[in-house]
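Hi,

Here is the structure I promised to pass on.

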Amino acid sequence: MHSQTRCLNHGTISNGRVIVILPFDDSSQPSEDDDDFDLPYGTRLKYTCDDGFVLVGEDTLRCGSDSYWTESVPECVGETPASQETCRHPGVDVNGRINNLLVDPRIRRQGFPVGTELTFVCNDGFEPEGETVLVCLRNGQWTSLPPKCRRNPTAEVIELPCRHPGVVINSMFNGDLSKSSFPVGTAVTFRCIEGTQRKGPMTIFCQRNGKWSETPPSCEPTRNSKR
C-alpha cells in the first residue's frame with residue numbers, strides 16, 4: 001500500500017551528520033549528498049552533532065504515509081558555556097546616546113547577551129571622554145565604563161528659535177501674538193486678569209535648544225470671583 005510513498009531526502013546537516021535507517025533491512029548508512037534522492041515510507045533519519053555543538057529539535061525523523069517527515073529538521077548550534085552571563089544596561093551620559101541600540105524594554109529586563117557591542121556618541125557640542133565602544137564579556141561585565149560627554153569649548157553653538165508658547169486664557173501676554181517664533185533670550189511675561197490667580201511662572205525664557213525654560217502658567221478664577 002505504501003510502496004509508492006516516498007519522502008524527499010533532506011541531505012546533510014551543518015555541524016553534524018545524519019544516518020539513514022531504511023525500513024526493509026533496518027540497516028544504517030550515511031545519507032546521499034543529492035537532495036533529490038527520495039527515501040521510502042518508514043525510513044528514519046537519525047541526527048547527531050559534532051563536538052562543541054548541541055542538537056535543537058528532534059533527533060529522529062520518520063517518513064510518513066503522507067510523504068512528509070514526522071518532524072522538522074533539527075539544527076546543530078554552538079554550546080553555551082555554563083559560566084556565560086548577560087550584562088546589565090551600562091547607562092549613558094545625559095549628553096550622549098548609544099548609537100546602535102534600539103531600546104527594547106525586554107533588553108533592559110533580561111540584559112545584553114555576551115558579545116554585544118555598544119557604540120557611544122555624544123550630542124553636538126560635546127566630545128567623549130573614555131572608551132566609546134563597550135563589549136559584554138562572559139563574566140557579565142562590560143570592557144569599560146561608558147564615556148563621559150564633556151562640552152567642547154571650541155564647538156560652534158547652534159541656537160534655535162522657540163515656537164510661540166501659546167495663548168493662556170485669562171491672561172495678558174507682553175509679546176507679539178502674531179509672531180510664530182521667538183529668538184534665543186526672549187523673555188515672555190504673563191499677567192493674569194483681575195479675578196484670576198496665576199499658577200506657574202510669571203516669566204519664561206527662550207533657551208538655546210529651542211525650548212522655553214518652563215511651561216506657561218495658567219490663570220484660574222479665584223473662589224470669590226464673580227462668574
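**The aromatic cluster**

Phe173, Phe182, Phe190 and Trp212 are linked into a cluster by ring pairs. A pair here means rings of Phe, Tyr or Trp (its six-membered ring) with centres within 6.5 Å; planes under 30 degrees apart are called stacked, over 60 edge-to-face, and the rest tilted.

Before the details, some bookkeeping. This is a predicted model, so local features need pLDDT of at least 70 and side-chain atom pairs count only at pLDDT 80 or more, while totals for chains, interfaces and linings use all residues. Residues are numbered from 1 along each chain as its sequence is written, and side-chain values use heavy atoms, with hydrogens and water left out.

Back to the rings. Searching the whole structure turns up 4 aromatic pairs. Phe173 and Phe182 make an edge-to-face pair, because their ring centres are 6.4 Å apart and their planes sit at 80 degrees. Phe173 also pairs with Phe190, this time tilted, at 5.5 Å centre to centre and 50 degrees between the planes. That pair links distant parts of the chain: Phe173 belongs to strand 15 (residues 171-173) and Phe190 to strand 17 (residues 187-192), 17 residues apart. Strands are DSSP runs of E, at least two residues long, numbered from the N terminus.

On the scale used, buried is under 20% relative accessible area, exposed is over 50%, and partly exposed lies in between (1.4 Å probe, protein chains only). Phe173 has 18% relative accessibility, so it counts as buried, and Phe182 is buried with a relative accessible area of 2%.

Two strands pair if DSSP finds at least two bridges between them. Strand 17 and strand 19 run antiparallel and are joined by 3 bridges; Val188 has Ile204 in strand 19 as its bridge partner.

The other open sheet I'd point you to has 3 strands in the order 9-10-12, again with antiparallel pairing. Its edges are strand 9 (96-98) and strand 12 (133-135), each with a single partner strand, so one side of each is left without a neighbour in the sheet. Strand 9 pairs with strand 10 (residues 117-122) over 3 bridges in the antiparallel sense, and Arg97 has Val121 in strand 10 as its bridge partner.

**Cores**

The largest nonpolar core has 12 residues, among them Cys7, Val18, Leu45, Tyr47 and Trp69. (A core is a set of buried Ala, Val, Leu, Ile, Met, Phe, Trp, Tyr and Cys residues joined through side-chain atoms within 4.5 Å.) Strand 2 (16-21) and strand 5 (44-49) each supply at least two residues of this core. A second, separate core of 10 residues includes Phe190 and Ile204.

**A loop residue, and confidence**

Glu159 lies in the loop between strand 13 (148-151) and strand 14 (162-163). Glu159 is partly exposed, at 46% relative accessible area. Arg208 is 49 residues from Glu159 in sequence, yet their C-alpha atoms are 4.7 Å apart.

Finally, pLDDT, the predictor's confidence in each residue from 0 to 100: the chain averages 78, and 80% of the residues score at least 70. Residues 26-36 stay under 50.

Cheers

Methods: Helices (H or I, at least four residues) and strands (E, at least two) are DSSP runs, numbered from the N terminus. Contact means heavy atoms within 4.5 Å.
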